[in-house]
Amino acid sequence: MPRLTTVAGPLPVSAVRGPALSHEHLVLDLDRTGDGAAVLDPGRHLAAVTSELTALRDEFGLSLIIELTCRGMGRDPRALARVAEESGVAVVAATGWYYEPFHRDEIGGTPVDTLTATLVREITDGLDSTGIRPGVLGEIGSHGDLPSEPERRALLASAHAALATGLSVATHAQLGRGGLAQLELLTGTGLAPHRISIGHQDLLDDPAVHRELAASGAYVAFDTVGKESYQSDDTRLRLLLALLDAGHADRALLSCDISRHGYLESEGGQGYGHLFRSFLPKARAAGVDDDTIDLMTRRNPLRFLTGTDPDTATEIDTDTDIEVI
């Protein structure tokens with residue numbers, strides 16, 4: 001039986017019976033201006049985060065959070081462990097590097113093999129001397145149509161670390177751009193497309209790109225649901241329905257990417273539950289059935305993390321993307 005690596009240790013995928021949020025932040029510090037907006041501080045906001053997740057577990061059966069706060073983003077593994085324990089929602093932590101404006105000095109001119117070794121060491125030994133091991137590489141970032149040179153090295157290191165450890169890679173494609181270039185770079189190392197999720201594609205109004213990513217076998221992340229200042233949910237739904245109509249429901253991932261405290265319900269924001277309370281009801285009204293919703297919110301995240309189907313425990317063939325026993 002395949003297992004996830006969570007902040008509380010290994011977890012059989014069979015234990016994840018409810019939906020997952022495939023790209024979230026529970027702790028975060030992206031503040032570069034001093035205004036404190038792009039922050040989820042463990043001291044000030046952890047109780048509100050935990051309360052939201054507990055309510056979603058009770059109301060919707062929320063079972064798993066893929067938490068993509070990595071190196072240089074204010075990661076706090078111990079805080080993640082507290083949220084998981086107190087909310088009863090499993091949390092998968094991450095390692096890797098965000099896009100270039102948030103790179104730490106360690107990126108510099110460091111060669112790919114050294115960066116790879118850093119990631120493999122964290123995956124093997126744990127994050128920040130806590131012993132808490134990451135279960136995914138992400139959110140590995142780039143901005144623009146092509147990664148910058150440092151972003152290219154970070155992406156390559158993540159791919160090599162994924163190949164060495166069996167983890168999957170979730171990317172940050174700034175405003176949805178550059179996903180095809182990310183995919184080409186990652187798969188060029190030999191990493192299978194179905195172990196890759198290309199991020200923020202709901203911010204890119206280009207169904208042809210979404211189809212191309214999905215047809216390759218990669219996951220297409222519609223992961224900023226509810227961020228109306230970036231894109232309307234009506235547009236997101238139109239793009240998602242186009243992907244489903246093209247036959248790619250098995251490649252869609254959904255989440256809200258809560259990345260500042262103003263998004264929390266306690267501060268008047270949409271909260272982590274926006275996907276369940278607002279967006280999915282609209283999808284159902286547009287004709288998306290419950291099995292497809294379960295696919296996008298439970299089976300696909302588990303398939304992405306493990307490379308196996310959670311209901312059959314069969315491995316996904318890396319060439320054909322057909323499940324084989």
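Good morning. I begin with strands β1 and β2 (residues 9–12), which pair in the antiparallel sense over four bridges. Two strands are said to pair if DSSP finds at least two bridges between them. Helices (H or I, at least four residues) and strands (E, at least two) are DSSP runs, numbered from the N terminus. The structure is a predicted model, in which local features need pLDDT of at least 70 and side-chain atom pairs count only at pLDDT 80 or more, while totals for chains, interfaces and linings use all residues. Residues are numbered from 1 along each chain as its sequence is written, and side-chain values use heavy atoms, with hydrogens and water left out.

To return to the opening pair, β1 and β2 form a hairpin with two residues between them, and R3 stands opposite P12 in β2.

Strand β6 (residues 64–67) is joined to β7 by three bridges, and I65 stands opposite V91 in β7.

Another open sheet has six strands, ordered β8-β9-β10-β11-β12-β13, and its pairing is parallel. Its edge strands are β8 (94–95) and β13 (252–254), each of which pairs on one side only. β12 (residues 219–222) and β13 are linked in the parallel sense by three bridges, and the bridge partner of V220 in β13 is A252. Helix α9 (residues 290–306) lies across β9 (136–142), β10 (169–173), β11 (196–198), β12 and β13, and runs at about 110° to β13.

Within strand β9 we find E139. The peptide bond from G138 to E139 is cis, with omega near -15°.

Next, please consider helix α6. Which of its residues are buried? In α6 (residues 207–216), V209, H210, L213 and A214 are buried. Seen down the axis of α6, these residues fall within an arc of 130°, so they line one face of the helix. The arc is that of the directions from the helix axis to the C-beta atoms. The buried residues of α6 pack against α5 (179–187), β11, β12 and α7 (233–245). Contact means heavy atoms within 4.5 Å. After α6 comes G217, whose phi is positive, near 110°.

How do α6 and α7 meet? Their axes come within 10 Å and cross at roughly 45°. That makes α6 oblique to α7: angles under 35 degrees count as roughly parallel, over 145 as roughly antiparallel, 65 to 115 as roughly perpendicular, and the rest as oblique. The contact is made by P207, H210, R211 and A214 of α6 and by L239, A242 and L243 of α7.

Helix α7 also holds R236. Is R236 buried or exposed? At 0% relative accessibility, R236 counts as buried. Leaving aside neighbours within four places in sequence, R236 is in contact with several residues, including D202, F222, K227, E228 and F279. R236 and A252 are 16 residues apart in sequence and 12 Å apart in space, C-alpha to C-alpha.

Finally, I come to some loop residues. G72 lies in the loop between β6 and α2 (77–87) and is partly exposed, with a relative accessible area of 25%. Not counting residues up to four places away in sequence, G72 touches D29, F102 and R104.

D128, in the loop between α3 (112–125) and β9, has a positive phi of about 55° although it is not a glycine. L175, in the loop between β10 and α5, has a phi near 55°, again positive in a residue other than glycine. D128 is partly exposed at 37% relative accessibility, and L175 is partly exposed with a relative accessible area of 44%. Thank you for your attention.

Note on methods:
Axes fitted to C-alpha atoms, helices over the stretch in contact; angles between N-to-C directions. Buried < 20%, exposed > 50% of the residue type's maximum accessible area, 1.4 Å probe, protein only.
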